[in-house]
Amino acid sequence: MTEATMSSAMSSAAATPVRRDIGLKKRHAAETRFRLYGIVAIAIGITFLGLLLVSIVSKGYTAFVQTEISVPVFFDPAIIDKDNVRETNPKVLQTANYPVVARNAVAAALGIDKTDKKAMKELSTFVSDGSRALLRNMVAANPAIVGTTQTVSLLAAGDIDSANKGQIDLTVPEANRKVSDLQVEWLNTLKQKGIVTTGFNWGLLTFGASSRPETSGLGVALIGSLYMMLIVLAIGVPLGVAASIYLEEFAKKNRFTDLIEVNINNLAAVPSIVFGLLGLAVFINFFGLPRSAPVVGGLVLTLMTLPTIIIATRSALRSVPPSIRSAALGVGASKMQMVFDHVLPLATPGILTGTIIGLARALGETAPLLLIGMVAFVADAPSNPLQPATALPVQIFMWTNEAERAFVERASGAIIVLLLFLAVMNITAILLRRRFERRW
């Protein structure tokens with residue numbers, strides 16, 4: 001070997017580690033960049049999520065408090081029972097002009113002469129018309145209070161409530177806002193006297209539908225959603241788990257079962273509104289079930305949730321090691337005993353997780369419920385799933401379409417309630433999975 005050849009070989013050998021070092025540095029740099037891209041993507045996602053939550057909470061937290069006016073109310077017999085016939089005609093207690101009774105009570109607290117028609121007209125939009133039901137129920141429960149004075153907390157009208165919460169700019173000209181200067185003066189006077197209070201708004205969780213924001217609530221929607229979730233739980237979960245067990249453990253692997261599996265996966269990706277059309281055609285038009293009923297909503301959501309439950313259950317069953325099945329069969333257990341005594345208990349955490357996630361998805365659906373008529377105006381809570389009701393997401397949809405400013409606040413408050421329910425369901429799924437999960 002010549003001296004030139006030896007020198008070239010030595011140079012090539014010295015350059016190889018250098019090239020390796022350069023390649024290694026490039027791979028490390030690429031890995032660092034990829035990690036950085038991942039961190040940036042997560043940060044962007046968390047930022048937008050945070051902005052969404054801040055926007056919802058900032059607009060909706062005030063919905064959980066309500067302005068009330070605590071005044072002595074004189075249950076004037078001249079208004080409630082002017083002909084003194086309540087003993088023979090109890091209906092007069094139901095048809096009395098209770099808003100006038102409430103208005104007179106606030107007028108007395110402000111020192112307003114009841115003959116001042118302009119001021120009394122302003123007072124009619126100062127106190128909520130919902131005082132009608134409150135005072136009527138008090139008299140119906142105890143007719144003896146007619147002619148007496150009782151301290152009652154009356155709801156302020158929606159615009160007065162918004163003004164008290166600082167949601168209306170009172171510095172703009174009077175013509176550009178719904179609250180007059182006189183009403184602002186009354187509000188400040190009552191606040192100085194300690195008559196105006198702001199307490200927790202239980203009505204948001206108990207009231208039904210109303211054309212007035214201050215008397216609107218989620219009571220009917222909560223009960224309707226509860227009925228629907230119970231129907232999904234009672235029908236969808238057993239059907240989904242049973243179908244999964246059969247397809248995964250007992251059905252023969254052939255073209256027919258492959259076709260079923262493909263269709264189940266496709267159904268899981270079908271838009272929810274399609275299930276609403278199916279429910280409208282089958283359950284309402286064909287079977288004649290009542291519109292706006294939670295039973296129809298529950299059946300529609302069951303159809304929508306079944307593919308998710310089946311896919312999650314089959315995945316949980318597959319996660320059980322084959323050695324468990326072989327060991328059970330090896331000690332003489334039948335296939336049925338192997339599935340229900342060994343495989344199913346070990347797959348329970350995954351099944352529970354998939355089921356709860358499916359229920360959480362169903363709880364937040366709106367489109368299929370709109371098609372089956374669950375946008376009805378329902379003021380009274382249903383006593384059974386066959387009576388008209390609405391649901392949480394549908395109630396939010398209805399409130400966002402209202403023109404009143406206070407309904408926007410109510411809609412944001414309802415979104416907070418819905419998000420809390422979804423968070424509780426997802427946290428429950430995580431806890432159950434950790435509680436029953438086994439590692440091999």
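Reply: **From the chain to one helix**

Of the 440 residues in the protein chain, 41% are buried (under 20% relative accessible area; exposed is over 50%, partly exposed lies in between; 1.4 Å probe, protein chains only). The model is predicted: local features need pLDDT of at least 70, side-chain atom pairs count only at pLDDT 80 or more, and totals for chains, interfaces and linings use all residues. Residues are numbered from 1 along each chain as its sequence is written, and side-chain values use heavy atoms, with hydrogens and water left out.

The protein chain has 18 helices and three strands. These are DSSP runs numbered from the N terminus: helices are H or I with at least four residues, strands E with at least two. The C-alpha trace spans about 125 × 70 × 40 Å along its principal axes.

Now the helix, H5, residues 117–124. Its buried residues are Ala119, Met120 and Leu123. Seen down the axis of H5, they fall within an arc of 100 degrees, so they line one face of the helix. That arc is taken from the directions from the helix axis to the C-beta atoms. An α-helix has 3.6 residues a turn, so residues three or four places apart point the same way.

What do the buried residues of H5 pack against? Their partners are helix H4 (98–110) and helix H8 (181–192), with contact meaning heavy atoms within 4.5 Å. On the other side of H5, Lys117, Lys118 and Lys121 are exposed.

A cavity is a set of points on a 1 Å grid over the protein atoms alone where a 1.4 Å probe fits but cannot get out; lining residues have an atom within 4 Å of a point. The largest cavity holds about 30 Å³, a volume being the space filled by probe spheres set on the points, which are joined across faces, edges and corners. Leu247, Lys253, Thr257, Asp258, Glu261 and Arg314 line it. Helix H11 (residues 255–267) gives the most to this lining, with three residues.

Methods: 1 Å grid on protein atoms, 1.4 Å probe; cavity = no way out; pocket = protein on both sides within 12 Å on 5 of 7 lines; lining within 4 Å.
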